[in-house]
Amino acid sequence: MAENNLLQSTKCLLKDLDAIKNNVTFTSASSEQSVISSKSMELIELSIDEARLMMEFSDYLQKFEMEKHQLQKEVKRLYKENSFLRDELKRTTKNLSTYEQMNSEHIVEIEHLKFLHDVNKYDTSVESLEDEDVNDLFPSSTPATDDDNYPLADVSMITSESAISPSSLSDEFVPSRAQTIRSLVLQYASKQRYEVAIPLCKQTIQDLERTVGHYHENVATMLTTLAFVYHDQSNYQEAVSLLEDVLSIRIKLYGNEHLLVAQTLNNLAVLFSKRQKFKEAESLCKRSLAIKEQHYGCDHVEISKLLNNLALLCKNLDKYDDAELYYKRSIDILTKQLGEHNLSVIKTKNNLASIYLKDTKQYKEAEKIYKNILAYSIVQELPHNLITMILKNLSLTYRRQDKCDLADTLDVCALKMKKHLDPIFVQTLNVIQQTD
């Protein structure tokens, strides 16, 4: 609209300019009027130039507004496109996470299928494992407790089932698929490949349950294997749940007095002791002991293991008199079956001495045991860590009897002990013997 007004004004000015020129022609005689007319023409020409400039500026503004409008439309389009791309990125990220998980599961499944392909040479039927030797499942450990900053350690912890390893399987059995898969699970567990071991074990249990049902020894064996893996992860609660299921299966299959039932009871005792539930563990261990005594008799080495378990549980329950009786009975059995200087006998004697150190009236008994062990170590070399521990325990015995000089001598000897018997050890032992 402004542009049209400018055009009309310009046209009018041009007409006025032509009229003025014509008027100048006719009135050129008058010089004064000529000067005025010239000035008027200059003003008109200046106005025309200004009008043209305004027209050009108006054209420029109009183009600028059009470009601005186009850019606004482009910004809106880009905003919508950016929003769409954000949503697409979220969806793609979610799909990527899902596919990565599926890929991981497929890798496990492929390894499982490859393994099953490798074991096709074995009999496809599932053989019973109920005749397998009764062995322990969980590895034993050697805990140490600090008393007045001096270690007083039992050599053995709860004796638990240690046979859940591929090397411990009996050679007299042809390995079934379940046995072979169990070995594979244990190999993965030993390498801490739990993300492979646990799904493989669970899948095998499901396959067995579809084939032979839940109440079958092979299912119990694989459940025990899975319990071992959870035990290795310190997931004791899950392991207890599995072994309680194993116990119900074996009781239904064999009754309450079978060796496999005793084995499971012992394993449960181990797990309860790990969870500091010593009273429940003691009850389970006693049930296991009663069953094994029926099968092995009262003087079998297997009985001594459970007696050591019971002694340690009683010690944790502050039932020191009971612990002493169990240790003494275990020593009698081991001495009769293996000889007085067997390493198991020496370790159990050390454990008995730790009980004596709980009573101020029996320090001399503990001292006597430790001295006998150290004297025997000169005749037959004992494990280096065992000798070091006996030295520290004897040092503690002397300190409790206010024999600090002898205790300091033993501490120095323990520090200087090397891989084999150090000469200072023999010298120290001679000093100790002279104190009798």
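This is a predicted model: local features need pLDDT of at least 70, side-chain atom pairs count only at pLDDT 80 or more; totals for chains, interfaces and linings use all residues.
Buried means under 20% relative accessible area. Take K292 first. Its relative accessibility is 2%, so K292 counts as buried.

K292 has a charged partner. The partner is E302, and the two form a salt bridge. Their closest N and O atoms are 3.1 Å apart. The pair links distant parts of the chain. E302 sits in helix α9, which covers residues 301–316. K292 sits in helix α8, which covers residues 278–296. Is E302 buried or exposed? E302 has a relative accessible area of 12%, so E302 is buried.

Stay with helix α8 and turn to E293. Which side chain does E293 meet in a salt bridge? The side chain is that of R329, with an N to O distance of 2.6 Å. Here too the pair links distant parts of the chain. E293 belongs to helix α8, while R329 belongs to helix α10, residues 320–338. The two are 36 residues apart. E293 is partly exposed, at 22% relative accessibility. R329 is partly exposed as well, with a relative accessible area of 27%.

Helix α10 also takes part in another bridge. The side chains of K336 and D299 meet at 3.7 Å, N to O. K336 lies in helix α10, and D299 lies in the loop between α8 and α9, so the pair ties together parts that are 37 residues apart in sequence. How open are these two residues? K336 has a relative accessible area of 58%; exposed means over 50%, so K336 is exposed. D299 comes to 39% relative accessibility and counts as partly exposed.

Those bridges are part of a longer list. How many salt bridges does the count come to? The count comes to 17 salt bridges. Some residues are linked in a network: E74, R77 and E81 are joined by salt bridges.

Charge also gathers on the surface. E42, E45, D49 and E50 form a patch of negative charge there. One of these residues, E50, is placed in helix α2, which runs over residues 31–118. E50 has a relative accessible area of 46%, and is partly exposed.

Next come the cysteines. A disulfide is a covalent bond between the sulfur atoms of two cysteines. How many disulfides does the count come to? The count comes to zero. The cut-off for a disulfide is sulfur atoms within 2.5 Å. C314 is buried, at 0% relative accessibility. C298, by contrast, is partly exposed, at 44% relative accessibility.

The last stop is A189. This residue lies in helix α3, residues 177–190. Is A189 buried or exposed? At 1% relative accessibility, A189 counts as buried. Compare its place with that of Q233. A189 and Q233 are 44 residues apart in sequence. In space they are 9.2 Å apart, C-alpha to C-alpha.

Notes: Residues are numbered from 1 along each chain as its sequence is written. Side-chain values use heavy atoms; hydrogens and water are left out. Patches are made of residues with over 30% relative accessible area and no salt bridge: like charges are joined within 9 Å, nonpolar side chains (Val, Leu, Ile, Met, Phe, Trp, Tyr) within 5 Å. Accessible areas come from the Shrake-Rupley method with a 1.4 Å probe; for residues, only the protein chains shown count as cover. A salt bridge is a side-chain nitrogen of Lys or Arg within 4 Å of a carboxyl oxygen of Asp or Glu. Lys and Arg count as positive and Asp and Glu as negative; His and the chain ends are not counted. The place of a charge is taken as NZ of Lys, CZ of Arg, CG of Asp or CD of Glu. Helices (H or I, at least four residues) and strands (E, at least two) are DSSP runs, numbered from the N terminus. Buried means under 20% relative accessible area, exposed over 50%, partly exposed in between (1.4 Å probe, protein chains only).
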